[in-house]
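The following paragraphs lead the reader through a model of two protein chains. Please keep the sequence and the structure in view while reading.

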Amino acid sequence: MAEAAVIGLAAGIVAGLLGVGGGALFVPALTIFLALSQVDAEATSLLAIIPVALVGAWRQRAHGNADLRAGALLGLLGLGGAAGGAVIANAVPERALEIGFALLIVLVAVQLARRALRAQPRPS
Amino acid sequence: MAAIGTAAGLASGLFGVGGGIVIVPLLVLWLGYAEREATGTSLVAIVVIAAVATAVHAAYGNVHVREGLLVGVPAVAGVLLGTELQRRISTRAISLSFAALLVLVAGDLLLDG
């Protein structure tokens, strides 16, 4: 339980810092430390993401970094995909979800590494 | 825009992530956003996407509210800290460490699922 809360805190820091990665930590935290199944961990991760993204968006907006209209439009355009993805997640075997999730977080890792190696330090 | 939204939505509903991994790079590459603006804009989109994906999963009975709060509430404190830190420090070392951690988690998942 305590481990899950600590990883939650870490996931929030990473999400605020890098803009991605909250869910990539929530899901394994929920399966490893709270013994949820893959699909339940994914669903529960999504619930946890809502307040995190809300607060993150609010802070980024305060710093002038969020285009509210574009973000809302993107979200609305993503509704069908989000509902479809959730339906598919419930239709496929757990093992397929685990493998897909593993590949997704490798993709996240590759992108973060490329971004980091390309970027110069950029204090504001 | 529609392609980015749909891809992010699918990734989100299917894998339980926000979709920032899809949105941030595509906003930068396709629409010429600066990285920080892409991050903030992505978070706005994620609120909407995650809410719908959660609702659909909840209809299947997959959502554990107590466990969600257990990771989500500390994460809210974390994101406040993270957005403040983002303006002060270079995120390079953190990105690389986090990338390494994700590869380890993925390896663990693939090997003994």
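In chain B, residues 24 or more positions apart account for 30% of the contacts with a separation of 6 or more; two residues are in contact if their C-beta atoms, placed from the backbone, lie within 7 Å. For chain A, the corresponding share held by residues 24 or more positions apart is 47%. This is a predicted model, in which local features need pLDDT of at least 70 and side-chain atom pairs count only at pLDDT 80 or more, whereas totals for chains, interfaces and linings use all residues. Residues are numbered from 1 along each chain as its sequence is written, and chains are lettered from A and ligands numbered from 1 in the order in which they are written.

The confidence of the prediction comes next. The model scores ipTM 0.90 and pTM 0.90. The pLDDT, the predictor's confidence in each residue on a scale from 0 to 100, averages 90 in chain B, where 99% of the residues score at least 70. Within chain B, the mean is lowest in H5(B), at 87, and highest in H1(B), at 94.

Chain A contains 6 helices and 0 strands, and chain B contains 5 helices and 0 strands; helices (H or I, at least four residues) and strands (E, at least two) are DSSP runs, numbered from the N terminus. Along its principal axes, the C-alpha trace of chain A spans about 45 × 30 × 30 Å, while that of chain B spans about 40 × 35 × 30 Å. Of the 124 residues in chain A, 57% are buried, and of the 113 residues of chain B, 58% are buried. A residue is buried if 20 or more other C-beta atoms lie within 10 Å of its own, exposed if 12 or fewer, and partly exposed in between, with C-beta atoms placed from the backbone.

Chain B is divided into domain 1 (1-63) and domain 2 (65-113), with bounds that come from an automatic or database domain assignment. The C-alpha centres of these two domains of chain B lie 17 Å apart.

Where do the two chains meet? In total, 82 residues of chain B are in contact with 98 residues of chain A. On the chain B side, helix H1 (2-15), helix H2 (20-31), helix H3 (35-59), helix H4 (65-86) and helix H5 (92-112) each supply at least two residues. H3(B) provides the largest share of that side, 20 residues. By class, the side of chain B that touches chain A has 49 nonpolar, 27 polar and 6 charged residues. Here Ala, Val, Leu, Ile, Met, Phe, Trp, Tyr, Cys and Pro count as nonpolar, Asp, Glu, Lys and Arg as charged, and the others, Gly among them, as polar.

Among the buried residues of H2(B) are B:Gly20, B:Ile21, B:Val22, B:Ile23, B:Val24, B:Leu26 and B:Leu27. Their cover includes helix H4 (68-77) and helix H6 (94-118) of chain A, together with H1 and H3 of chain B. After H2(B) comes B:Gly32, whose phi is positive, near 70 degrees.

In chain A, A:Ala91 lies in helix H5 (residues 79-91). Why does A:Ala91 count as exposed? A:Ala91 is exposed because 9 other C-beta atoms lie within 10 Å. The C-alpha atoms of A:Ala91 and A:Glu42, 49 residues apart along the chain, are separated by 14 Å.
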